[in-house]
Each structure stands twice: as structure tokens, then as C-alpha cells.
Amino acid sequence: EIAEQLGLSDWWGQAEEVWDDNKSSADKSRLLDRIDYHGQLSAQLPPAALRVVYTKSGNTLAAAIVRDVSAIIDHKLYWASVAAESEGHYLCAILNSATLLDRVKPLQALGLFGTRDFDKNVFTVPFPKYDATNNLHTRLAGLGAQSEEVAAAVDISGARTFQAARKTVAAALVAAGISQEIESAVAELVPVEVVLPSED
């Protein structure tokens with residue numbers, strides 16, 4: 001397939017040469033193996049029309065819906081395909097909530113600047129799959145949709161860092177009264193205590 005693309009075959013051959021010349025002598029992998037490390041690229045192909053992504057690490061968990069089918073998700077994000085917008089908004093409302101963050105913090109490693117590495121710890125907090133017949137779930141999905149609309153309308157052009165942009169968006173959600181409603185709904189949905197995994 002590479003050979004059929006004009007110019008790509010030559011480029012790929014050069015890239016493989018650079019890879020072979022610069023990898024460690026113990027590394028027997030081909031360039032293609034490395035690009036698709038643990039199948040993380042091929043698992044995304046073909047891309048789903050709707051995906052929810054969330055940050056792998058940091059002080060604040062951030063999630064969003066990706067609707068761009070040409071987007072490939074980097075290893076610094078976790079992703080999952082969703083069947084409908086409502087399911088995506090439901091997940092984003094939960095993942096972006098301070099309530100879920102509080103439940104996950106005891107499971108995070110401590111770094112120089114505080115907690116880090118959410119990874120799959122978010123799923124140690126047991127919240128149910130989206131159910132369109134459940135009023136609490138549809139309420140959260142609606143709040144998630146409202147959050148996205150408010151966030152999209154916020155002017156972050158003056159923010160010098162992503163943290164400043166995030167604070168501006170968070171303030172707008174509080175001012176709109178949406179954050180408080182989400183926290184209340186998520187607190188109702190997820191348990192207060194998280195059972196830490198055993199060391200056995």
C-alpha cells in the first residue's frame with residue numbers, strides 16, 4: 001500500500017533507514033512496529049465518528065468529545081468511542097467533575113507538584129454505563145451538552161497558558177450555574193468511598 005502512494009515509498013524508505021541507524025542495538029523492532037506500539041495506532045483505525053478523550057495525568061482531569069474522524073489520539077490521552085452524543089456528554093460531565101477528581105485523588109501517585117497520573121484509576125470509581133432510560137443519566141448528558149456550549153463561547157484568546165484558559169472556562173461554568181448542578185448529580189451517581197485495590 002505504501003508503494004502505491006506517490007512519493008510515500010521513497011519517504012518511508014528514508015524514514016526506515018534513519019530509524020535503523022539511530023535505534024539502540026538491542027532494539028530489533030521495525031519502524032512500523034514502533035509507530036503502532038502495542039497496537040495503539042491500529043486500534044484507532046478506522047476512527048470512530050464520536051470519541052471521548054481524557055487526560056492521562058495532571059492536577060485536573062479534563063475530558064472532551066472528539067468528532068474529527070481524521071484525528072489520531074496521542075498516548076497522553078485515553079479514549080473511548082461512544083454510540084451517541086448523549087453518551088459522550090454524560091461521560092464528559094462525570095470525568096470533568098471535581099467530585100470524580102476527589103474520588104480518584106487517593107489512587108494517584110504523588111509527584112513534585114502534587115497528584116499525577118489518572119490513567120485508568122478513574123474507572124476504580126464505579127459509575128454506570130450510560131442508560132438513556134435513566135433520568136439521572138439523561139440529566140447529566142444534558143448538563144454536559146450545556147457545558148460544551150458555554151465552554152465553546154468563552155473567549156480564551158488572552159490566556160497565556162492552558163491552565164489560565166481552563167480557569168476561565170471553569171469560571172464561566174460556575175457563573176452559568178452548570179458546575180454546581182453537575183457536582184450534585186455526579187455526587188448522587190458515584191459512591192463517596194473508593195475501595196483501594198489490594199496489594200495481593
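A crossing of two helices is left-handed if the near helix is turned anticlockwise from the far one by less than a right angle. Keep that in mind for the first stop. The model on screen is predicted.

**Stop 1: helix 5 and helix 7**

Select residues 135-153, helix 5, and residues 178-189, helix 7. Helix 5 passes helix 7 in a left-handed crossing. Their axes come within 10 Å and cross at roughly 150°. Angles over 145 degrees count as roughly antiparallel, and helix 5 and helix 7 are therefore roughly antiparallel to each other.

Now show the side chains where the two helices meet. On helix 5, pick Leu136, His137, Arg139, Leu140, Leu143, Gln146, Ser147 and Val150. Facing them on helix 7 are Ile178, Glu181, Ile182, Ser184, Ala185, Val186, Glu188 and Leu189. Colour this contact by class: nine residues are nonpolar, four polar and three charged.

**Stop 2: the sheet**

Move on to the strands. Together, three strands make an open sheet in the order 2-1-3, with antiparallel pairing. Neighbouring strands are turned by 25° against each other on average, direction ignored.

Strands of a sheet pair through backbone hydrogen bonds. Click Tyr54 and find its bridge partner in strand 2, Ala63.

Then turn to strand 1 and strand 3. They pair over five bridges, also in the antiparallel sense. Which residue of strand 3 is the bridge partner of Arg51? Select Ser81 to see it.

Is strand 1 enclosed or open? Four of its five residues are buried, so strand 1 is largely enclosed by the rest of the structure.

**Stop 3: helix 3**

Select residues 85-95, helix 3. Helix 3 packs on the sheet, where it touches strand 1 and strand 2. The direction of helix 3 makes about 160° with that of strand 2.

Eight of the eleven residues of helix 3 are buried, so this helix is largely enclosed by the rest of the structure. Highlight the buried ones: Gly88, His89, Tyr90, Leu91, Cys92, Ala93, Ile94 and Leu95.

Conventions. Residues are numbered from 1 along each chain as its sequence is written. This is a predicted model: local features need pLDDT of at least 70, side-chain atom pairs count only at pLDDT 80 or more; totals for chains, interfaces and linings use all residues. Side-chain values use heavy atoms; hydrogens and water are left out. Buried means under 20% relative accessible area, exposed over 50%, partly exposed in between (1.4 Å probe, protein chains only). Contact means heavy atoms within 4.5 Å. Axes are lines fitted to C-alpha atoms, for helices over the stretch in contact, and angles run from 0 to 180 degrees between N-to-C directions. Angles under 35 degrees count as roughly parallel, over 145 as roughly antiparallel, 65 to 115 as roughly perpendicular and the rest as oblique. Ala, Val, Leu, Ile, Met, Phe, Trp, Tyr, Cys and Pro count as nonpolar, Asp, Glu, Lys and Arg as charged, and the others, Gly among them, as polar. Two strands pair if DSSP finds at least two bridges between them.
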